[in-house]
Amino acid sequence: MDAEAAKTARESLDLAFHMSNMLDTGLDRHTLSVLIALCDLGLNPEALAALVKELRTETLNSSSQT
């Protein structure tokens with residue numbers, strides 16, 4: 001990846017992270033970048049969102065049981 005492409009990718013991630021924070025998604029920058037990469041590979045964004053919600057619910061349930 002050349003310097004200009006890397007700069008554009010970084011700026012795009014910064015913008016997506018800012019929007020994520022405004023929407024109070026609770027996603028960190030790394031998780032967001034992984035999700036974006038998965039979408040770029042063709043995974044369904046709605047399915048990924050459902051998976052994130054399910055994993056959060058499971059995490060909350062397991063932590064409340066301890």
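The questions below concern a predicted model and go from the overall fold to single residues.

Q: Which order of elements does the protein show from the N terminus on?
A: The protein has 3 helices and 0 strands. Read from the N terminus on, the order of its elements is therefore α-α-α.

Q: Is the protein a compact globule or more spread out, judged by its radius of gyration?
A: For 66 residues the globule rule gives 11 Å. The radius of gyration here is 14 Å, well over that value, so compared with a compact globule the protein is more spread out. The C-alpha trace spans about 50 × 25 × 20 Å along the principal axes.

Q: What percentage of the 66 residues in the protein is buried?
A: A residue counts as buried when its relative accessible area is under 20%. Of the 66 residues in the protein, the buried share is 12%.

Q: At what angle do helix H2 and helix H3 pack?
A: Helix H2 covers residues 29–40 and helix H3 covers residues 45–64. H2 passes H3 in a right-handed crossing. Their axes are 10 Å apart, and the packing angle is about 145 degrees.

Q: How many nonpolar residues are in the contact of H2 with H3?
A: On the H2 side the contact is made by Leu35, Leu38 and Cys39, and on the H3 side by Pro45, Leu48 and Val52. No polar and no charged residues are found in the contact of H2 with H3, and the nonpolar residues number 6.

Q: With which residues is Leu13 in contact, leaving aside its neighbours within four places in sequence?
A: Leu13 is one of the residues of the largest nonpolar core. Leaving aside neighbours within four places in sequence, the contacts of Leu13 are Arg29, Leu32, Ser33 and Ile36.

Q: Is Ser20 buried or exposed?
A: Ser20 has its place in helix H1. Leaving aside neighbours within four places in sequence, Ser20 is in contact with Thr25, Leu27 and Leu32. Its relative accessibility is 5%, and the cut-off is under 20%, so Ser20 counts as buried.

Q: What is the phi of Asp24?
A: Asp24 lies in the loop between H1 and H2, and Asp24 is exposed, with a relative accessible area of 66%. Most residues other than glycine have a negative phi. Asp24 is a residue other than glycine with a positive value, near 55 degrees.

Q: What distance separates the C-alpha atoms of Ala49 and Leu35?
A: Ala49 lies in helix H3 and is partly exposed, with a relative accessible area of 38%. Ala49 and Leu35 are 14 residues apart along the chain. Their C-alpha atoms are separated by 9.0 Å.

Note on methods: Residues numbered from 1 in each chain as written. Predicted model: local features only at pLDDT ≥ 70, side-chain atom pairs only at ≥ 80, totals over all residues. Heavy atoms only, no water. Axes fitted to C-alpha atoms, helices over the stretch in contact; angles between N-to-C directions. Helix = DSSP H or I, 4+ residues; strand = E, 2+ residues; numbered from the N terminus. Left-handed = near helix turned anticlockwise from the far one by under 90°. Contact = heavy atoms within 4.5 Å. Nonpolar A, V, L, I, M, F, W, Y, C, P; charged D, E, K, R; others polar. Core = buried A, V, L, I, M, F, W, Y, C linked by side-chain atoms within 4.5 Å. Buried < 20%, exposed > 50% of the residue type's maximum accessible area, 1.4 Å probe, protein only. Rg over C-alpha atoms; globule rule 2.2 N^0.38 Å.
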